[in-house]
Number of protein chains: 2
Amino acid sequence: MSKANLFYAQSGGVTAVINASACGVIETARQYPDRIGTVYAGRNGIVGALREELIDTGKESAETIAALRHTPAGAFGSCRYKLKSYSENTQEYDRILEVFRAHDIRYFLYNGGGDSQDTANKIAQLSIEKGFPITCIGVPKTVDNDLPITDNCPGFGSVAKYVAVSIREAGLDVASMCESSTKVFVMEVMGRHAGWIAGAAGLASESVDEPPHIILFPEVSFDREKFLGRVRECVREYGYCAIVVSEGVKGPDGKFLSEAGGTDAFGHAQLGGVAPMIAEMVKQETGYKYHWAVADYLQRAARHIASATDVEQAYATGKAAVEFAMTGKNAVMPAIVRGVGEEYSWSIGEAALADVANVEKKMPPSYITDDGFHITDAARAYFAPLIRGEDYPPYKDGLPQYARLKRVLAEKKLPPVQ
Amino acid sequence: MSKANLFYAQSGGVTAVINASACGVIETARQYPDRIGTVYAGRNGIVGALREELIDTGKESAETIAALRHTPAGAFGSCRYKLKSYSENTQEYDRILEVFRAHDIRYFLYNGGGDSQDTANKIAQLSIEKGFPITCIGVPKTVDNDLPITDNCPGFGSVAKYVAVSIREAGLDVASMCESSTKVFVMEVMGRHAGWIAGAAGLASESVDEPPHIILFPEVSFDREKFLGRVRECVREYGYCAIVVSEGVKGPDGKFLSEAGGTDAFGHAQLGGVAPMIAEMVKQETGYKYHWAVADYLQRAARHIASATDVEQAYATGKAAVEFAMTGKNAVMPAIVRGVGEEYSWSIGEAALADVANVEKKMPPSYITDDGFHITDAARAYFAPLIRGEDYPPYKDGLPQYARLKRVLAEKKLPPVQ
C-alpha cells in the first residue's frame, strides 16, 4: 500500500486519559514510517478539519508525545460540534473530504463518544462514494461510560476512581466532626443521563456504615420522604450521612431536580447545582448542619489520581486503532472486552461503528439496590477493576508536570471557506 | 520524674495531616514507657475530656498507629467547641481537671488552631493554681495557615497542593474546550478570613497565560467592573479564563459576596456558594458559558495528594510536642521555623502558647499583585516549598487504605455530669 497521512481528532468533553489515547495513536503511527506519513491532529477537534487547522504532531518531540500519556484534558483541543446528516449539511462533509484530499489524509481516527463514532462512520461511507476512500477508525472516549459493545469507556475509570477516593476522604472528614458540626455532606457528580459515575462512588463504602451512605441516581425517581427518612436513619445509626448525587437526578415529574428551583429573587435561573438544593432540603426538614461539594471539571480532569487500568486501556485503544487501520479494517472501533473468570482481565476487540453510533448504554437496573440508594454486588464486581492501580504523573516542585505542546499548524493548501 | 498518662485531643476543622501529628505524638510517647503510661485521645476532641470519653490508644496496634500518618481527617473525632473563659465557665475547666486527675493524666497535648492553644494555655495556668499541675503543649493545626510565629501550619501545605493541582488540571480541561464550549471556570476554595489557600492556587500558573488567570482574595474588596474587564481580557488573550475565588471574598460594603444574594424565590437563604454567584455574574454580563466547582471538604481531606513537606512537618510537630513535655517545657507549642538561604529548610522551634493564642496571622499585602488578581514572586517563594513532595497513601483495589481504629474507651471513674 502507498503512504498517506493520518488525521486524529479529539471530540466532546475531555477526560483525564484522552491524551493517553492520543499518545497511543501517535506513538504507534510512528512505528509505520513506510505507511503513515504525517500524523495531523485537528486543532479543536473536527473544527480543525473544517478550518484546515491541522496540528503537525511531527513537530513534537518523542518526549512530548510520551508525556501525553500522563496529561489530562485535550492536548490538541476538543469541541462540542456535531455534524448534521449529510443531506442536511452536504457542505461540511465535502469540506472535510476536500481538506483530507488536499493533505493526502487517508486515515481518520476519531476519539470520542457515540456522536463522533457516527460521524466517523458517515465519512467512511461517503469517502467511498466520492472516490477518495478514507479509512475511518473510532477511538472510544467518554467519562459517561455510555458506549455500547465496549465493556467500559476510557475516561470512565479515572473519574470513577476520583469520586470514590473523594467521598471516602470527605466522608472521614464528616465522621470526625459530626458530633458537634456538619452531619450531612452532599457531593455532586457528573452523569446527566446515567448513574455510572455516581454508582462508582459506591465502591468507597465497604460496609453499610461507611460513606457514601446514600447515592441518588438518575435512574431512580427522587422520592423526597423516603430520602429524608434514610438521611435521618443514617444520622441516627452512624452519626452522619454522606450523600453522592448525580447531576442528572430527576423528580417524579421527570424533570431534573436541579431545574426545579426555577428562578431566584432576581429572576435569574437557579445558580446552584443539585447538591446545594439537596443539602438545603435536608436542612429545612431535619435541621442538620450540612456541607456540599460540586467537583465539576475537577473530577474528569483529575489525572493526578487516574486509574492505571484506565490509562492502559486508553493507550491500548489508541494503539489498536492505528493497527486496525494498518490491517485494512475500516469503520470499526477498538472495544474493551472483559475476560471471563473471577480474575479481571481485558483484551481489545472490535466493534462496527454502525453498531456503536448513537446507541446509549444504560446502567443495568440490577446495579442498584432495592431501596434505590446504593449499588449491588453485581455493580461492585463491574466497577472495581476499572479503578484499579495508580498511575501518577511526574512532579516538579510539588506540581504535576503536564505536556506543553508546540501545536505547529501545517501550511494551508486551500482557500478559506467563505 | 514519676510516670503519668497523656491526653491528646484534636480540635476544630480537621485536615489531611492532623492524624500524622497524632501519629507523631503516639509513636513518640511510646518511646518513653518509663515516663508516659497510657496515651488517651479525646473522643471528639475536648468533648471527650468533659464526658470522660477517653480512647485508650494503647489498644491500637503499632501498625494502626503508623497508618495514622497517611490517614486524613480526625481519627479520634474532633469538635467545634470553644471553652469560655474560666470566670464564665468555671465548671468546665474544673471538670476537665477532675477527669485528668481521675485518670492520672498530667500531660495534655492539644492539636488545633488559635482557640485551642488558648484553651491549653489556660489549663496550664489553672492546673498549677489548683495544685494538680498539667504539662500543656500545643500542636499546631489549621488549613487556614493563620497561626502566628510558626512559619506555616500543618494542614495548610496539603490543601495548598490540592487547590494548585486541581486548578492546573481543570484549567487544562477548559483550555481544551473553550473554542466551542465553556470559556469561564470558577473554583471556590476555603479561607473565610484570609487568602492563604486562594493564593497557593496561584502556584499552578507559571506564566501569565496559565490558569488560574484571576484569584479573588478576601483581602481585596471585590470590584465588579474591574473583575469583568479582566475576565474579558483573559478570554480575548487566552481564549478562556480560569478563576479561583476564596469563600471569604467581600464586596465594597464589607459583606461576604456569598451573602449578597439574599433569599431565593421561596424565601430560602441563597443556596449556592460564591463560585456559582461569580459564574452567573460573568454569564449575565458577558454571555460566556461557564462551569464552576466547589471543592469544600474534598480539599482539606485530600490525603491522596498531600504535600510530603506538610506530612513531615505535621509528624514532626506531634513528635516535638511529646519531647517538649519530656524535657519539662510547659505552655508552649512546636513552631515551624524556616531556614535562611535560597534552598528551603525548616526546623522545629518553640512558641509560648500565650503568644499564639487568639492571634490571627494575615497574608501580607506584598503577596498580592498590584492589580489585586494574582500572587507576587514573594508569595511564590513562600508557598512553593510547602507543597513540595508527594506522600501517597497505600492503595488496595484502587482505593486508599486508611486506618480503621478500634477506639476502645477507658472505663469511667467518675459519676456522669448532671
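Of the contacts in chain A between residues at least 6 apart in sequence, what percentage join residues at least 24 apart? It's 75%, where a contact means two C-beta atoms, placed from the backbone, within 7 Å.

Quick housekeeping, then. This is a predicted model, with local features needing pLDDT of at least 70, side-chain atom pairs counting only at pLDDT 80 or more, and totals for chains, interfaces and linings using all residues. Residues are numbered from 1 along each chain as its sequence is written, while chains are lettered from A and ligands numbered from 1 in the order in which they are written.

Okay, chain A overall. We've got 14 helices and 13 strands; those are DSSP runs, H or I of at least four residues for helices and E of at least two for strands, numbered from the N terminus. The C-alpha trace spans about 70 × 45 × 45 Å along its principal axes. Buried residues make up 60% of the chain. Buried here is 20 or more other C-beta atoms within 10 Å of the residue's own, exposed is 12 or fewer, and partly exposed is in between, with C-beta atoms placed from the backbone.

Now the domains. Chain A splits into domain 1 (4-141 + 305-358 + 391-400) and domain 2 (156-301), with bounds from an automatic or database domain assignment. Their centres, over C-alpha atoms, are 35 Å apart. Where they touch, 11 residues of domain 1 meet seven of domain 2.

On to the chain A and chain B contact: 67 residues from each of chain A and chain B. On chain A's side, the elements giving two or more residues include helix H10 (274-286) and strand S9 (290-294), and H6(A) gives the most, with 13 residues. By class, that side has 35 nonpolar, 18 polar and 14 charged residues. For the classes, Ala, Val, Leu, Ile, Met, Phe, Trp, Tyr, Cys and Pro are nonpolar, Asp, Glu, Lys and Arg are charged, and the others, Gly among them, are polar.

One helix pair I like: H1 (18-29) and H12 (308-326) of chain A pack at about 35 degrees, axes 7 Å apart. Axes are lines fitted to C-alpha atoms, for helices over the stretch in contact, and angles run from 0 to 180 degrees between N-to-C directions. The crossing of H1(A) and H12(A) is right-handed, meaning the near helix is turned clockwise from the far one by less than a right angle. Among the residues making this contact are A:Ala22 and A:Val25 of H1(A), and A:Ala314 and A:Gly318 of H12(A).

Most residues other than glycine have a negative phi, and most peptide bonds are trans. In chain A, though, the bond from A:Pro211 to A:Pro212 is cis, omega near 0 degrees, and A:Pro212 sits in the loop between H7 (196-201) and S7 (214-216). Chain B has a cis bond joining B:Pro211 and B:Pro212.

For phi, A:Asn358 is near 60 degrees, and this residue counts as exposed because it has 12 C-beta neighbours inside 10 Å. B:Asn44 has a positive phi of about 60 degrees, but with 28 such neighbours B:Asn44 counts as buried.
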